[in-house]
Amino acid sequence: NFFPWKGLINTPEDAGGINKVFSFYSSQDMGSIAFVMQWAKNRVDEGTHYDVYVYNVFQQTDPLRKVNSFIEKNGESSVPKISSLSIDGRYMALALFTCGTCMTETPVTMVIDTTTGVYKSIGKTAELTWGQGGQYQYKELKEVPCPDTTDGSKCALDPQFLEYKTGSL
């Protein structure tokens, strides 16, 4: 009774294949949610695509906005998973993976202004935090040789030893 469900997206009648919520994230104030819908067709040539949405409960007109769409391309950072939202829900960080089942790899980070659609890829990150008005700070992921004897293996450097970089949208 306190939290009624509200339908936001309708699956097309002839969609076929897999249609599901792939990723979901809520802002700290619970006023905004962001989610990724996965649309996979049965035919291989149609591919899998992902639509990124943000819904703001306080927005009087058009509370639901489609932010971006991605088509999965093997070997490319093209599969989005929401990694953070700013406190006000306007700014979003996406982790872009190379495939829908490759969630153990280190993704590329993309930051997006969900109102204007402006986005920026900032590479692989170890941390990202949002400030005010589209400001963000992050620590770039640094790989170093692993301490074991496995030849060519790489490990991530502990983020506490990395400096913050800043940016804005």
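Predicted model: local features only at pLDDT ≥ 70, side-chain atom pairs only at ≥ 80, totals over all residues.
Reader: Which residue forms a salt bridge with Asp 51, and where in the chain do the two partners lie?

Author: The closest N and O atoms of the salt bridge between Asp 51 and Lys 66 are 3.5 Å apart. The pair links distant parts of the chain, 15 residues apart, with Asp 51 in strand β3 (residues 48–56) and Lys 66 in strand β4. The partner of Asp 51 is therefore Lys 66.

Reader: Is Asp 51 buried or exposed?

Author: The cut-off for a buried residue is a relative accessible area under 20%. Lys 66, at 48% relative accessibility, counts as partly exposed. Asp 51 has a relative accessibility of 6%, so Asp 51 counts as buried.

Reader: Which residue forms a salt bridge with Arg 90, and what is the relative accessibility of that partner?

Author: Arg 90 forms a salt bridge with Asp 113, and their closest N and O atoms are 2.8 Å apart. Arg 90 is in the loop between β5 (79–85) and β6 (91–97), whereas Asp 113 is in strand β7 (residues 108–113), 23 residues apart, and the pair links distant parts of the chain. Arg 90 counts as partly exposed at 30% relative accessibility.

Reader: How many of the residues of β7 are buried?

Author: One side of β7 carries Val 108, Met 110 and Ile 112 and the other carries Thr 109, Val 111 and Asp 113, and these residues are all buried, which means that both faces of the strand are covered. β7 is thus mostly covered, and the number of its buried residues is six of six.

Reader: Which strands pair with β7, and in what sense?

Author: On the β6 side, the pairing runs over six bridges, and Met 92 stands opposite Ile 112 in β7. With strand β8 (residues 119–123), the pairing runs over four bridges, and the bridge partner of Val 111 in β8 is Lys 120. β7 pairs with β6 and with β8, and the sense is antiparallel.

Reader: Which residue in the turn of the hairpin formed by β7 and β8 has a positive phi?

Author: β7 and β8 form a hairpin with five residues between them. The phi in question is about 85 degrees, and the residue in the turn that has it is Gly 117.

Reader: Which residues are linked with Glu 140 in a network of salt bridges?

Author: Glu 140 forms a salt bridge with Lys 165, in which the closest N and O atoms are 2.8 Å apart. Glu 140 lies in strand β10 (residues 135–140) and Lys 165 in strand β13 (residues 165–168), so this pair ties together parts that are 25 residues apart in sequence. Glu 140 is partly exposed at 26% relative accessible area, and Lys 165 counts as partly exposed at 36%. The network links Glu 140 with Lys 142 and Lys 165.

Reader: Why does the aromatic pair of Phe 35 and Tyr 53 count as stacked, and what is the angle between the planes?

Author: The structure holds five aromatic pairs. Among them is that of Phe 35 and Tyr 53, with a distance of 5.3 Å centre to centre. Phe 35 lies in strand β2 (residues 32–40) and Tyr 53 in strand β3, so the pair ties together parts that are 18 residues apart in sequence, and both residues are buried.

Reader: Which residue lies over the face of Tyr 164?

Author: A charge sits over a ring if, for Lys, the NZ atom is within 6 Å of the ring centre and within 35 degrees of the ring normal. Here the distance from the ring centre of Tyr 164 is 4.5 Å, and the residue over its face is Lys 139.

Conventions:
Residues numbered from 1 in each chain as written. Heavy atoms only, no water. Salt bridge = Lys/Arg side-chain N within 4 Å of Asp/Glu carboxyl O. Helix = DSSP H or I, 4+ residues; strand = E, 2+ residues; numbered from the N terminus. Buried < 20%, exposed > 50% of the residue type's maximum accessible area, 1.4 Å probe, protein only. Phe/Tyr/Trp six-rings, centres within 6.5 Å; stacked < 30°, edge-to-face > 60°. Pairing = 2+ DSSP bridges.
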